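Here is a short briefing to read with the model open beside you.

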Amino acid sequence: MQRFQYPPAGRVSRILILAALLILLNGIALAEDKDEGPWSSGDFGGLAFREIGPAIASGRVGDFAVDPRDKSHYYVAVNSGGVWETHNAGVTFQPIFDGEGSYSIGCLAIAPSNPDVVWVGSGESNSQRSVSYGDGVYRSLDGGKSWQNMGLERSLHIGRIVVHPADHNVVYVAAMGPLWGPDGDRGVYKTTDNGETWTCVLEIDENTGVVDLVMDPTDSDVLYAASYQRRRHTWTLINGGPGSGIHKTTDGGETWTELESGLPGTDMGRIGLAIAQKEPSTVYAIIEAAEDKGGFFRTQDGGQTWKKMSSYVAGSPQYYNEIVPDPINPDRLYSMDTFLQVTEDAGKTWTRLSVRSKHVDDHAMWIDPEDTDHLLAGCDGGIYETFDRGQNWRFM
């Protein structure tokens, strides 16, 4: 008797699949012939894909710029999501930078003497693995309705923009330069013609840019700059070096002096700066440094001498190390960190603000100058607002 030979398993699978396809196609043909069933191919012709997210978190928020005429009107810089604007204190937001050359935003600035002049520094200032680069600085003369790229395209990452309080034509830019290589536009750049031309007034070296820049509120010729030497490779981050330091000018950037007395005296990494608004000779610095010499420093004589107040630095300085001073209380400062920190004694001790119903990883803060219990915080999870100095938060 001749035995029946089963075909190989793979062949059986192919036969079954082919049979199923034939049945399916035949069923479709019959349905089309009879025009039966709830759907036909023409029913889907008017549909198109559309954006429906994000639904929860809006990503890393890097800066705020609040209109001095109306604090319910402000701009938000998202490190990987453009510039957003609200006219109703955050009830609704509109994207206003989608047509420009960069989606990564490092910082924002409004001209105090003409708030319709808004500046954008593209390319976030962090040294994280996921940072995106920009293509220079942008200016709007109509409150963000239209934008113009004003140069410094090879800065790639902008740390800070400072606009002269009385003359909106004078602007300073802290340019960090490329993260993954040397050269580019690095240092402090100054314009006196509203961005038409730029002069590099502080240059360190091909590997060092400037990450932070603050201006004395009582003397606009006095500025402090934090230089930052860094280089990222696929296998490591070189986060600091001899190029990092604190520099001061008293003549609007014509000349600079590197400040040293009382500072770590070793290779430093990222440095954040803040000036006490009510005591402008008091300047604070949060410093990452080698040999465990970093920490929180204060000068009360305009930078001539510094005192280490504590060993506190942010959990990952390359990602944070930014400080925001209370506009009224010179001893109260906030530190951007994984968990938002505050000091009430000029940096000697630090405590965490509540994270109840709040995301972590903070990178930006605005303090209401008329009500310092009112804060905006920008973090990896979007924007939060508090009216009791961080005890409770409202998510936008």
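This is a predicted model: local features need pLDDT of at least 70, side-chain atom pairs count only at pLDDT 80 or more; totals for chains, interfaces and linings use all residues.

Residues are numbered from 1 along each chain as its sequence is written, and side-chain values use heavy atoms, leaving out hydrogens and water.

**Around Ser-227**

- Ser-227 belongs to strand E14 (residues 219-233); strands (E, at least two residues) are DSSP runs numbered from the N terminus.
- With 0% relative accessibility, Ser-227 counts as buried (under 20% relative accessible area; exposed is over 50% and partly exposed in between, with a 1.4 Å probe and protein chains only).
- The side chains of Ser-227 and His-247 are joined by a polar contact of 3.0 Å.
- Beyond four places in sequence, the contacts of Ser-227 (heavy atoms within 4.5 Å) include Ile-204, Thr-208, Gly-269 and Ile-271.

**Aromatic rings**

- The whole structure holds 10 aromatic pairs; rings of Phe, Tyr and Trp (its six-membered ring) pair if their centres lie within 6.5 Å, and planes under 30 degrees apart count as stacked, over 60 as edge-to-face and the rest as tilted.
- Tyr-74 and Phe-93 make an edge-to-face pair, 6.2 Å centre to centre with 65° between the planes.
- Because Tyr-74 sits in strand E2 (residues 74-78) and Phe-93 in the loop between strand E3 (82-86) and strand E4 (94-95), this pair ties together parts 19 residues apart in sequence.
- Tyr-319 and Tyr-320 also pair edge-to-face, at 4.9 Å centre to centre and 65° between the planes.
- Tyr-319 is buried at 6% relative accessible area, and Tyr-320 is buried at 2%.
- Ring pairs also link Tyr-284, Phe-296, Tyr-312 and Trp-350 into a cluster.

- Lys-358 lies over the face of Tyr-384, 5.4 Å from the ring centre, and over that of Trp-393, at 5.3 Å (NZ of Lys or CZ of Arg within 6 Å of the ring centre and within 35 degrees of the ring normal).
- Val-360, in the loop between strand E25 (351-352) and strand E26 (362-367), is partly exposed at 25% relative accessibility.
- Among the contacts of Val-360 are Thr-338, Phe-339 and Cys-379.

Technical notes:
Helices (H or I, at least four residues) and strands (E, at least two) are DSSP runs, numbered from the N terminus. A polar contact is a pair of N or O atoms within 3.5 Å; within protein, one must be able to donate a hydrogen and the other to accept it, and residues adjacent in sequence count only if both atoms are side-chain atoms.
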